[in-house]
Structure formats: C-alpha cells, structure tokens
Amino acid sequence: MLSAILSLTWMPEIRGYIIVVISVTVLMGSTYLILGTNVGARLGFLIAVTALAGWMMSMAIIWAVYGIGLKGKEPTWHPGEPITIVRDGALLDRAEVVEAPINLDGLTPVAAAEKVSKELVANGWKVLGESDPRRGQAVASADEIIQIEAKEFAAGEYVAVAVYDKGGERYPKIGESIDFIAFKHKPRYAIVEIAPLIEQRAEPGRAPARATIDTAQPHRYVVMIRDLGAKRRPAFLIGFGSGIIFFMMAWLLHRREALLNKNLALKSSVA
C-alpha cells in the first residue's frame, strides 16, 4: 500500500505532501508512542511537545547566528529615487547624489567623466576597487536595471568603469570598534558609472575585437539604494514561537510535578 501511494508521479505536489505527512508521523509518532507506553498518554504528550519545541528553538538559534537554514529575503540593490539613470553628469544633483550642480560646459565626455569622479569623491563617495566583492554585486544589479528594466543598453554595448559607495554606517556603537549592539543602519547608496562601447563588426572566422570605449558619448550613472532584506527573520520567528511553546510546556510539566509531590505528601501524612 505504501509503495502504491509513493508511486504518485503525475502530481508531484501531492507526492510531496504525502511524504512530509508520513515523515512527520513516523518521527513524532514513534517518539510519542514510546513515551506514551512508559509514562502515560498525557504526560508522554507533554514531554514530546516540550522536546520538539526545545529542539526547534535551538535549531532556529543556530540558523539565526550563522544565517543558514530557512532564510528570508537576501540583501539586494534597488533603483534609487527620484532618478535611477543619470545620462548627464551635470545633472547628478537632481538625483540627490551631490549637493550642487557640476559645471561641465565645454568639456569632452572623457574630461567630464574625470571631473564628475573627482566631485563624487569630494562629496564623500568612495571608489570601490576591482577586487572588492561589493563592486561585483553593484555591477550585477546595475546590469539588470540597464538591460532589463530600462533597456538602455544590451549586453556587450557598455562597460562599468567605476563603482562608488556611500553610507551604510551602523549605530549605536561603544567607542569606535565595539558594535555588537549596532542594530540600526543608515541608508547605503551605490553609483555605477557606465561607459558606452564602440560597436564592433563581427567577421566570420576572426576573434572578436577588443572592447573600446566610445569617447564621443557621455557616461551614464546608475544610482541604487541597498535593501538589507530579512535573511534571518524566519529563524527569529521560529525561535521565538518555539521558545514560547517550550517554556509553556516546561511550566506545565513543573506544575504537574509540584501537584504530584503535594498529593503524595498529603497521602503519606494521612496514612
């Protein structure tokens, strides 16, 4: 019969439900059966539920500490507001990236990009190095915005030449280095500088030409804001709920033992 039930393949979701039900029944039911035959049905149920809740609480604490197991939303980059793609470096102030407009009158696109880079650094933006993993994450998110959401360029038509990072400081801190109570964060922003490439002619039998930046076109700037996500939220919720059940069941066991000892003492005194 069990083989016939598990042979369900035309509806995988039904097979999954059946496997989970059987697994839970065997795991919890066998434990409760052993406890029930030794200490009684009611006391065995209390002990089984208490043990299960305690195990789930311990597991959830480990999940929350190491960021493993059942995880929530991962941290991601989102398009910035009010403007995401700035097509002229002189207009970065409208995206609230710099405080004042940048004067680029009479400058070539290359000179304008250099001046914009200096102005960003002067306004507190930090240039991320090529080996910084944060750079790769920001570029990947900018690619999705450029290619899929805005359809500004297609893959291979541009290159990310620089990534700027600002904000994200944690607080409150004790001194400068002790931050184990820093549960709050300031908003974190990133700017990915995009340079268009010269269109290369593909010839059969020849290797693709090296990508060359088009110096006649201005650079674009993709402004993004960091969403910290909720990676550990499911673990905290499971741990909190399991903890409540565990302590409530432990209190019931303690209360039952206290009543039992009281009744035994009363019986012995009467005898």
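A salt bridge is a side-chain nitrogen of Lys or Arg within 4 Å of a carboxyl oxygen of Asp or Glu. By this criterion, a search of the whole structure, which is a predicted model, finds 7 salt bridges. The legends below begin with some of these pairs and then turn to strands, nonpolar cores and aromatic rings.

**Figure 1. Salt bridges that share partners join R87, E152 and R220 into one network.** The side chain of E152 meets that of R87 with an N to O distance of 2.7 Å. This pair links distant parts of the chain, 65 residues apart: E152 belongs to the loop between α5 (133-149) and β4, and R87 to the loop between β2 (85-86) and α4. The side chain of E152 also forms a salt bridge with that of R220, at 3.6 Å, N to O. Here the two partners are 68 residues apart, with R220 placed in strand β8.

**Figure 2. A salt bridge joins the side chains of E130 and R135.** The N to O distance of this pair is 3.4 Å. E130 has a relative accessible area of 65% and is therefore exposed. R135, by contrast, has a relative accessibility of 8% and counts as buried.

**Figure 3. Strand β4 pairs with strands β3 and β7.** Strand β4 comprises residues 158-167 and runs antiparallel to β3 (residues 126-127), to which 2 bridges join it. In this pairing, K126 stands opposite D165 of β4. Between β4 and β7 (residues 188-196) there are 9 bridges, and these strands also run antiparallel. V159 stands opposite A195, a residue of β7.

**Figure 4. The largest nonpolar core contains 18 residues.** Within this core, L92, V97, V116, L120, I191 and Y221 touch the most other members. Each of α4 (109-122), β4 and β8 (220-227) supplies at least two of the core residues. The largest share, 4 residues, comes from α4. When residues up to four places away in sequence are not counted, V116 touches G89, L92, I102, L104 and Y221.

**Figure 5. A second, separate core has 17 residues.** Among its members are Y158, A160, V192 and V222. Y158 is buried, with a relative accessible area of 9%.

**Figure 6. The rings of Y32 and F45 form an edge-to-face pair.** A search of the whole structure finds 3 aromatic pairs. In the pair of Y32 and F45, the ring centres are 6.2 Å apart and the planes stand at 90°; planes over 60 degrees apart count as edge-to-face, so the pair falls in that class. Y32 lies in helix α2 (residues 12-39) and F45 in helix α3 (residues 41-66), so the pair ties together parts that are 13 residues apart in sequence.

**Figure 7. The rings of F153 and Y158 form a tilted pair.** The centres of these rings lie 5.7 Å apart, and their planes meet at 40°, so the pair is described as tilted. F153 counts as buried at 11% relative accessibility, and Y158 is buried at 9%.

How values were computed: Residues numbered from 1 in each chain as written. Predicted model: local features only at pLDDT ≥ 70, side-chain atom pairs only at ≥ 80, totals over all residues. Heavy atoms only, no water. Phe/Tyr/Trp six-rings, centres within 6.5 Å; stacked < 30°, edge-to-face > 60°. Buried < 20%, exposed > 50% of the residue type's maximum accessible area, 1.4 Å probe, protein only. Pairing = 2+ DSSP bridges. Core = buried A, V, L, I, M, F, W, Y, C linked by side-chain atoms within 4.5 Å. Contact = heavy atoms within 4.5 Å.
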